Structures are given as C-alpha cells and as structure tokens.
Amino acid sequence: MANNFRNGSSHRSSLTKTDRPLSVNSNAKGAVKSKPLPASGLRKSSPASLGSAAAAAAAKDDAGVLGRVRVAVRLRSRNEEEMVADADFADCVELQPELKRLKLRKNNWDTDTYEFDEVLTEFASQKRVYEVVAKPVVESVLDGYNGTIMAYGQTGTGKTYTLGRLGEEDKASRGIMVRAMEDILADVSLETDSLTVSYLQLYMETIQDLLDPSNDNISIVEDPKTGDVSLPGATVVEIRDQQSFMELLRIGEANRFAANTKLNTTSSRSHAILMVHVKRSVEGRDSTHSSENGNVTQMVKTLKPPIVRKGKLVVVDLAGSERIDKSGSEGHTLEEAKSINLSLSALGKCINALAEGSSHVPVRDSKLTRLLRDSFGGTARTSLVVTIGPSPRHRGETASTIMFGQRAMKVENMLKLKEEFDYKSLSRRLDIQLDKLIVENERKQKTFEDEIERITIEAQNRISEAERNYEDALEKERLKYQKDYMESIKKLEEKWIMNQQKQGSERIMAGSKDDSSDVASNGKDSMASVVEELAEVKKLLLKETQSRKAAEGEVNNLKSQVAQWKRSEASGNTEIVKLREMLEDETQQKNKLEGEIAILQSQLLQLSFEADETSKRLDKGGSANGPGSLDSLMTEVRNQQPKDSGNGEKASIAKLFEQVGLHKILSLLEAEDTDVQIHAVKVVANLASEELNQAKIVEAGGLSSLLMLLRTSEDETIHRVAAGAIANLAMNETNQELIMAQGGIRLLSMTAANAEDPQTLRMIAGAIANLCGNDKLQTKLRGEGGIKALLGMVRCGHPDVLAQVARGIANFAKCESRAATQGTKTGKSLLIEDGALSWIVQNANNGASIIRRHIELALCHLAQHEVNAKDMITGGALWELVRISQDCSREDIRTLAHRTLTSSPAFRAEISRLRIER
Ligand code: ADP
Ligand code: MG
C-alpha cells in the first residue's frame, strides 16, 4: 500500500494526467458564459501556483471541470528548544524543493521519498506560501467558484502561523487569511458586489461563533436539493475595508482564547473556520436601460435578468493532528479525547475513501466533514498545506502527517461555477423604470393642464375687456349724439318762436295802414323772410345729416374693433383646440407605454417560467416523458409552471400575473410584433395547462383568439404553442363543442397541412384526438375532414405524433361502437370510409407500446360491428385481431379481441375457412 505513495515517478505521471483537463475547454457553451479576465496583477498567478484559475474560468461548463486537491508541504525551522535538545541529531526530513520531493529518514541508512505539488522549505517566505497555496483558490472564488484552504499538522508546526498570522508588527509575516482578503478587496467593487465574513470554532462537535461568544451552539443546515451546507445561526459581517477585517480577526482570536480558557483547553485542540462569501453581479453593470426618450420596445427585446456569481472561500486551521492520549492524562478526559479526535479522524476516513474511489464516503460522521463536504470530493477548488517540524523525536507524527497529505492528493473535485439569475434585481429595476415612466407622464399631463388653464383665463380676460371697451365707447357716442340732437332741436324751436313773433308785429303794422299796395309789398317782404328761413333750415338739416354720418362712421369703426376682438378670441380658441389635441396625443402615448409595460411584465413572466423550467430540467437531468399520451402533453406544459411552493419565484410570478391581468395578456395575442405574440401565447398556454384557468380563458375569449392565431399567424412557434393550448382546452366537453362551432377542425387541419415541426403536429393531433372522443361531434368532425387531417399527419413519422393519431382513432372508434350499440349509428365505420384501415393494420404491431395499445383498442372497437367485418377481412385486420387475441400483453384487450372474434359470424366463417388455430 505505502509503496503507492512513495513511487515518485508513477506519481508524477498521474499529476500530469490530472493537470490536462484544466488547461483548455473548447466547449462553445462555456465560452459564452466566460468573461474576460481583468488584467490586474492579481490574475497573473506565478507559474509555480498549484493550479490555474484562469484555466478553470475558461472552462466553465455546467458539468464542471476536474480539479484535484492540491497539497503543499511546509517545513518549520528548528525552534530554540529543538536546537538545544536535538543538537546532536540530524533533522528527520530532507527537502528537495526543485524536484518537489521530501525525504523522510527511516534510520541512518534508509529514507522514504515522497512527492508533493509543492515543497516549501523553512526559508519559504509567507508571500511565496500565499502565492503557491492560496492565490489560485482566491482567484477561483472571485470567478464564482467555491474554494477551500486548509492547514493540517502537528501542534506547533506552523498551521496558525501560515494561515492566521496578522503580521501587524512585521508586514512580511502576514498569513493567508490577511493576504486573501487584500486580494479580494482589490478585485471586487463594493457598489455592485457583496462581501461578508463569518468566523467560527469547532470544538468537541460543537460550533461556536467567534464573532459572538454567546452564540455557542450553531447548527449546520443542508439544502436537500443542492446539498449545500450553511450555518444560518452564525454572525455574518459585511466587509468594506481591510481594517475592519483585521479588527474582526482580532476579535475572533480574542474570543477563541477566552472560550478555550473557559473550557480549560488550548486552541490547538479546536478547529478555526473562516468563511468568506463573495457575491458578484456579472451583467448588472452593462445591462440594458432605456435612455431618457428610450425605445421601450427595444428594451423589452433585450430584457434579461442579471447573473450573480456566489463564491465561498473557507479557510480552515485544523486542530493539532497529534494523537491525544486516550488515558486522560495531560488534562483530557476520555470523553474529550474521543470528541477532539472525532472530526479529525472522520476527515482522515473520508479522504481515504475518496482517495481509494470507495463508493461510501462517511461524510456524515462528524461536523467537520459535513462542513467540508464541498471541499473534498465536491465542487470546490481545494488547497491543503501540511505543516511539519524537523525534530527526529516527532518522526512518527511527521510521517503520519505526510501520509495524510499524500492521500489528499488523490482526491478529485469537480469544480462548478456558482452562477444564478438575479430575478430580484431585475424586478427592482423594472419597478424603478415603471415608477419613472409614471412620474414623467404625470408631470407632462400636469404641465399641459396648467397651460390650458392659463390660456383659457387669458382669452376670457381679453374678451371681457373688449366687450367692456365696446360698451363704454357705444354709450359715450350715444350720449354725445343725444346731446347734439337736443341742442339742435332747441335752436330750431327758438328760431321758430322768433319768426313767429316777427311775423305777428309786422302784421299789426300793416293792419293800421290798411293799404292794398302795402299788403302787396308786405307780401313781398314776408316771402323773402320765408325763403331766408328755409335756407336756414336747410343749412341746419345739412349739418344734422353730416353729424349723423360721422356718428355712423364712428359706429362702424367700433364695430370693426369688436370684430377684431372676436377674431383674437377665436384664435385663442384654436390654440386651446391645439393643446387639447396635444393632450390627447400624450394620453395615447401614455396608453402605449402602459401596453409596453404590460408586455414587459408578461415577458418577465415568461422568462421566469422558462428559467424555472430550465432549472427544473437541469434538476431532473432532462424530462423523460414517454411519447404519446395526452398526460405527457399536459405535464410538459404544466412543468413550465413553478410548482414548488418553497420556491420564492412563484409568489412573484403570481403577483405579476395578477398585475398584468388575463385580458391584457389576451390582447397581446393580437399584437403586431411577432415576438410579443409568441411571449403572450406562451403565457396563455401555460395558464391553459391549469384546469383552474381554463374556464377563465374561454370566458375571456381566449379560445377564439387562439383559433384566430392559427388562421392569421405565419409563425410556426405560435402555431405550435397555440395548438398546445387548444389541445389542453379541448379536454373539456363544453370547450370541444365551442372549438367545433368556431371551425376549429378546419383551422387545425389547415395548420397541420402546412406544419413541418413534429411538435406542432403532435399538439394538433392531440387536440383533434381529444375532439374524437366526443360522442356528439362524430359526424361533424368527420364531415369537416378531421379524420383525413389525422391520417395526413402520419407522414412525419415521429412516434409522438403517431401516438396522438392512434389515440384519436381509438377515441373515434370507441364512440362509434358506443353509438352502434345504442342503435344511433348504422352503416360502415367512418374511419373505414375515410381510408384509415390500412394505416391501422400497418401499425397494429408498432414497436412503441403506446401506439400499439391504441390501435389494438381501435381494432377491437371496429370489429364489434358486423358491417365492418368484410372490409376488415380484406384489409388484413383479421390477422391482427387473431394476433391480439393470442399475444397481447394486456389481458383485458386479449379477452376483448377473443370475444369479438368468436361473436362475429363473418370472422368465424373466415377463420374456419383458413383453419386458423385459436
Ligand atoms: P500550530 O498552529 O501548528 O500549532 P503555530 O503556528 O502556533 O503552530 O506555530 C508554533 C510556533 O512556531 C509559533 O511561535 C510560530 O511563530 C512559530 N513558527 C511556526 N512556523 C514558523 C515559520 N515558518 N517561521 C517562523 N516561525 C514559525
Ligand atoms: Mg494553531
């Protein structure tokens, strides 16, 4: 046995073998996921490193890549006590670092040689130890893998020195924990990534929190699905800088010391475990955001949940590996001695089992092995440093430490990227987007309303001012002309009175003379004065006419002014109309945005379904549905729905669906964009696979929309998914009648005639097969070419399609035979009329049991009726019936076939004619 580990040359060849898979992985799928490594100094590991993280990162693949546990041995120099006590003796080991070999002295003339991944002499610096042992692991963790760094060895050989040294007084002596955190902090971005730490001690199978001493019995929780272990009770501290981490290590160290003093033990008997969780978002930084006036549809198309990578680094400073005296001396009780060794010896047993490829690995034997489940034989990159001292007095312990390291080198891990979709952040992003759009919209609407109000008020003010001015001016003019008129009248009256007086006095004077000639001359005088007066009156009249004309002009002027005001009022109105139109446009825009938001949400819904389906398929290792039955059709669609109530996504999908609403989703079926239609029809198909939703879908007009898609869409995916949904709805009798009434058979037949994809044909055949099982629809279904359509689909030859066709035929035959028994059908089977018999006979012995079974049943049903017998005999169906009655593995079918054969006179006659033995 031991020779296996000593044979250097054979071991070297085994090393080169395990190295190879890490180099390159040409898997194209992996290449899509891998990201370019940043050109930081961190990524350039020294060539002496135990493994290449870059190679592992390039080789990301769901199946993982091989990654053997890497083991380095580190020798401590003689301490003062050894220098004195062992002064006369040589060291028990001799190192050949360049050959990566260690020689262990057996006696003065004989040594054993061992080979390690790295041999670190007493002169190796802490920096070199970090680079060789830890750095590749740290890089893997930053790339999203789990990683383990562990130290094993006798107490006093330098485990804590290697891992836990803070190096505050001498920076060069910083240990692996401190240097690892420096590298991690240099690589992560604290805005987008998260970095947390827990620090624990395992002593006597009890886990204590070194960051909270009162928390002294933490339990391990295992995820039953993934097998991942976690410690939900442990304190988790977010790390933002190196100082806070150093402080944390100091607190942990102080608590470890205090706890051990209380338990009256030393830290060498407990295991210290540091856990660092690094969660990084991969696409978060460059994922799509719509620009300010962004094209939302574009955004919808490129919508993808961001990906997060969760790497976990575990650093384990094991208890001293020396055998503890079972007798209970050295202050140990027997119980304690057993317990202290339990975890370490369980670890040894697990490593032995893994190294030997044993089928049973006793992981559950101790807390340590449960915690390190992923580190040995799991998915983590693991690096072990075994520490030894030079003293010949401890040769035995040193030898067993070396053997432990040798066995650990044979353990193979399968590195796996810890990557998942971050739906929560996608949902947050969408919420923010939605809020922004809503706020923006409300703001615009408010601005428009304000503007309209302002313009309306302004126009009203202008109108009322114009009206006021007009009235004032009118009144002023009226008063002026009234006054002028009154004055003119007054003047005329005065003049008239004066004339009258003048005439009276003249007449008196003339009367006293009483002379006719005088009268004549008097007549002449008065004539002249009348003429004069007339001229006067004429003048006045002229003046009057002129002033009236002036007033008219003034009135016209005012009228035109009013008209002008009216015009300006009208222009104010058109401005309002224009703004109204703009507001309407805005509202339309808003509705469109809301529609797109709904699309966005339905896409998210669909994405969640698909992601869930994918993860489920991955869990199950691919769906293993047999071809044929509608049951498998149903499960297939239904599987796309999250069933696991423990799954947090389900609630959010249900919520989302509630928000979007069935009507909205159905309205998306009529969208112009084919992508949107595809997403919508997938969502509807998913819903239709749940019996609960079916009535709702039909009630909301979903069935008509689905049928309409068959008629109008050119897209094969839409046809396939819509037909699947129709097939599911066609499970129910009422729906079957509705499908028939809406010309469903013709649409399905037409779609089948143009389809190439077997899955589309399977869905259509499934739908028709369901309709075939309805007694009331037989004649109509056949009349509209349903049977011909079924038979037409067998051209594709795919067993899933054939199974549905066979099921349809069996359903049809069963209904026919029922109708014939009840006397409602006479005459030959419509199946035979439509030429189905030859296909039935050809496939009666089909290799796929599900197809065969349906056809056997169909044959039995057909044979029940004497009218079919002649065609069945000439078509060769009798032979198949005879075969079924003898060979069919199902007894009920066998008996049915037998009974049918014996009860039919025509069959009996033919059989006896041919002398077939039965
Ligand atoms: P362990 O944790 O294995 O019990 P320690 O790390 O506590 O051992 O080391 C025991 C003593 O040896 C400490 O005083 C430590 O400083 C010293 N020591 C261990 N390794 C080295 C080394 N490589 N160089 C210098 N001193 C060392
Ligand atoms: Mg120690």
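Mentor: Contact here means heavy atoms within 4.5 Å, and helices (H or I, at least four residues) and strands (E, at least two) are DSSP runs numbered from the N terminus. The model is predicted, so local features need pLDDT of at least 70 and side-chain atom pairs count only at pLDDT 80 or more, while totals for chains, interfaces and linings use all residues. Residues are numbered from 1 along each chain as its sequence is written, chains are lettered from A and ligands numbered from 1 in the order in which they are written, and side-chain values use heavy atoms, with hydrogens and water left out.

Trainee: Which helices do the buried residues of helix 33 pack against?

Mentor: Buried means under 20% relative accessible area, exposed over 50% and partly exposed in between, with a 1.4 Å probe and protein chains only. Eight of the 11 residues of helix 33 (residues 877–887) are buried, so this helix is largely enclosed by the rest of the structure. The buried residues, among them Leu878, Leu881 and Ile884, pack against helix 30 (837–843), helix 31 (849–863), helix 32 (866–874), helix 34 (891–903) and helix 35 (905–914).

Trainee: Which helix gives the largest share of the shell around ligand 1?

Mentor: The residues surrounding ligand 1 include Arg74, Gln154, Lys159, Thr160 and Arg165, where near means that a heavy atom of the residue lies within 4 Å. The largest share of this shell, three residues, comes from helix 7 (residues 159–164).

Trainee: How far is an oxygen atom of ligand 1 from an N or O atom in the side chain of threonine 160?

Mentor: A polar contact is a pair of N or O atoms within 3.5 Å; within protein, one must be able to donate a hydrogen and the other to accept it, and residues adjacent in sequence count only if both atoms are side-chain atoms. A backbone N or O atom of lysine 159 lies 2.9 Å from a ligand 1 oxygen, and a polar backbone atom of threonine 157 is 3.4 Å from an oxygen of ligand 1. For the side chain of threonine 160, the distance from its N or O atom to an oxygen of ligand 1 is 2.7 Å.

Trainee: Is glutamate 205 buried or exposed?

Mentor: Glutamate 205 sits in the loop between strand 8 (194–203) and strand 9 (206–209), and its phi is near 60°, a positive value in a residue other than glycine. Most residues other than glycine have a negative phi. With a relative accessible area of 17%, glutamate 205 is buried.
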